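Could you look through this structure with me?

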Amino acid sequence: MTNNELQKMIDKTDYWDAEILDMKASYFGDVVEIYIDNDEETCWKVSFLSCYKVLYETDANRRKIINVKDMKKPQLGYFAQDISVSRSKIENFYIVKLDLSIMEMQIECRDIQIGKIAKKDILVFWK
């Protein structure tokens, strides 16, 4: 799949200013998933697969509540501002840059999958 095709798939989620419900890394960082709010019943699950590199910066150096796990949902401030896909220098890999307002990420991965799932099927710490 081309990076333009992946970008179009991501853009179809209409993610701009949508709340980020969670971000998870699994399998020693091989899989990174973000959950983007869609409506009352569903969210988008964006999975980055076969991750080579995952870099991120948070607001930990300036927030008043030290641990995010101690926050309630209204205190969280993660909203999708920009998600852009480009080709990596590594063959068959992509670079994805994510601006999630108070978190910025750059993920270098082999594949990206996007699907809509029921919110009741995800576990979030603030519930």
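The points below go from the sheet to the helix and then to the cores.

1. Please keep in mind that this is a predicted model, where local features need pLDDT of at least 70, side-chain atom pairs count only at pLDDT 80 or more, and totals for chains, interfaces and linings use all residues. Residues are numbered from 1 along each chain as its sequence is written, and side-chain values use heavy atoms, leaving out hydrogens and water.

2. Start with the open sheet, in which 6 strands (DSSP runs of E, at least two residues) follow the order β1-β2-β3-β6-β5-β4 with antiparallel pairing. Pairing here requires at least two DSSP bridges between two strands. At the edges you will find β1 (20-26) and β4 (78-87), each pairing on one side only.

3. Next, look at β5 (residues 94-101) and β6 (residues 104-118), an antiparallel pair with 6 bridges.

4. Where does the largest nonpolar core have the most contacts? Among its 25 residues, I36, F48, L98, I107 and I112 have the most contacts inside it. Such a core is a set of buried Ala, Val, Leu, Ile, Met, Phe, Trp, Tyr and Cys residues joined through side-chain atoms within 4.5 Å; buried means under 20% relative accessible area with a 1.4 Å probe, protein chains only. At least two residues of this core come from each of α1, β2 (31-37), β3 (42-57), β4, β5 and β6.

5. Finally, a second, separate core has 5 residues, including Y35, C43, I122 and V124.

Key. Helix = DSSP H or I, 4+ residues; strand = E, 2+ residues; numbered from the N terminus. Buried < 20%, exposed > 50% of the residue type's maximum accessible area, 1.4 Å probe, protein only.
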